[in-house]
Amino acid sequence: MLKPTEKIWHNGRFIAWDDAKIHVLSHVTSYGSSVFEGIRCYATATGPAIFRVRDHIRRLLDSAKIYRIDMKYGADELADAMVELVRVNRMESCYFRPIALRGYGDVGVLPNNPTEVYIACWEWGKYLGEEALANGVDVCVSSWTRIAPNTLPALAKAGANYMNSQLIRMEAHTNGYAEGIALDVTGYVSEGSGENIFVVRDGRILTPPLGASVLPGITRETVMQLAGALGFPVVETLIPREMLYIADEVFFSGTAAEITPIRSVDRVQVGEGKRGPITGKLQKAFFDIVNGKAPDRFGWLLPVEKREPVAV
């Protein structure tokens, strides 16, 4: 369950958590017309720092453009709102959920509705569990296919798209797995219900291309940069399902999941059945940066200055 914080940002002002409400006949409730992001703010020795906020906001604005959702707030305003939200709620670390949705107005499929923009934050731990970061998770290949090209736009992080993700995750949960992996319409590996996927084989790191109905993950791109810096080649390529079984290592990446190893797929053990050495090195490099233990050489962190919040 969510642990409420004091304030949520709504259309340029701060409101109480319990006042963040929409009408039941808002366009979004019938048609899933929303775009959103998940962003983490990490606790460091010098204070809270938001991870790759500009990249997340860019993807939010891109998603809105793809779905023709009017956005009257720019990148600077949204970034400033998140910084101030950390201060207002006096958070040391948190998870942000910026969401732009079509609100109350017309009820037809053709939207003629105002855009409502909210940003909430709260404490959220490890998405697949703290133990999963070290020991890995058991996953399955889903019977549900990832959304096909020219049906729903996979490059957008939209609420409607995640009905597909819900089916993948619910099926996996029902069958006793931590997560599911979806194949694309041609039968190649796509992604998890809310994570990108990487496969390690003979020292090379493979990941599906965006054309495999993959969301352009911010953590996905982070992993690719870190791997390059560590000397591990990364190849974007189509990945057959059976490669998951014979890989040396497989891992998820995502804002919520961060970098989580996969120890089995369809009850077939992956590698040694635990976190592999390359996954471990990538995890360490990632967490050292976001926790402030290593220099932020990529400029990924936006520090939240320690000062009193503005009046709300």
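Okay, let's start with a helix: the buried residues of α5 are Y162, N164, S165, I168 and A172. Buried here means under 20% relative accessible area, exposed means over 50%, and partly exposed is in between, with a 1.4 Å probe and protein chains only.

Before I go on, a quick word on what we're looking at. This is a predicted model, where local features need pLDDT of at least 70 and side-chain atom pairs count only at pLDDT 80 or more, while totals for chains, interfaces and linings use all residues. Residues are numbered from 1 along each chain as its sequence is written, and side-chain values use heavy atoms, with hydrogens and water left out. When I say helix or strand, I mean a DSSP run numbered from the N terminus: H or I with at least four residues for helices, E with at least two for strands.

Back to α5. What does its buried side pack against? The partners are β3 (34-36), β8 (137-141) and β9 (179-183), with contact meaning heavy atoms within 4.5 Å. On the face turned away from that buried side you'll find the exposed residues M163, H173 and T174. The helix covers residues 162-174, so to speak of its span: 13 residues reach 18 Å from first C-alpha to last, close to the 18 Å expected at 1.5 Å a residue. The expected span is 1.5 Å times one less than the number of residues. Just after α5 comes G176, with a positive phi of about 90°.

Now α6, residues 218-230. This helix also has 13 residues and reaches 18 Å between its end C-alphas, close to the expected 18 Å. Its buried residues include I218, V223 and L226. Following α6 is G231, and its phi is positive too, near 90°.

On to the strands. In β1 (residues 7-10), K7 and W9 point one way, I8 and H10 point the other way, and all are buried. Which strands does β1 pair with? One is β2 (residues 13-16), antiparallel over 4 bridges, and another is β7 (residues 115-122), antiparallel over 2 bridges. Two strands pair if DSSP finds at least two bridges between them. Looking across, H10 stands opposite R13 in β2, while W9 stands opposite I119 in β7. The β1 and β2 hairpin has 2 residues between the strands, and N11 takes a positive phi near 50° there.

One more residue: G47, in β5 (residues 47-51). Is G47 buried or exposed? G47 counts as buried, because its relative accessibility is 1%. The C-alpha atoms of G47 and M91 are 9.6 Å apart, though 44 residues separate them along the chain.

Finally, zoom out. The protein chain has 8 helices and 17 strands. Its radius of gyration is 20 Å, close to the 20 Å from the globule rule for 312 residues, so the chain is as compact as a globular protein of that length. That radius is taken over C-alpha atoms, and the rule is 2.2 Å times the number of residues to the power 0.38. Buried residues make up 51% of the 312. And among contacts between residues at least 6 apart in sequence, 70% join residues at least 24 apart.
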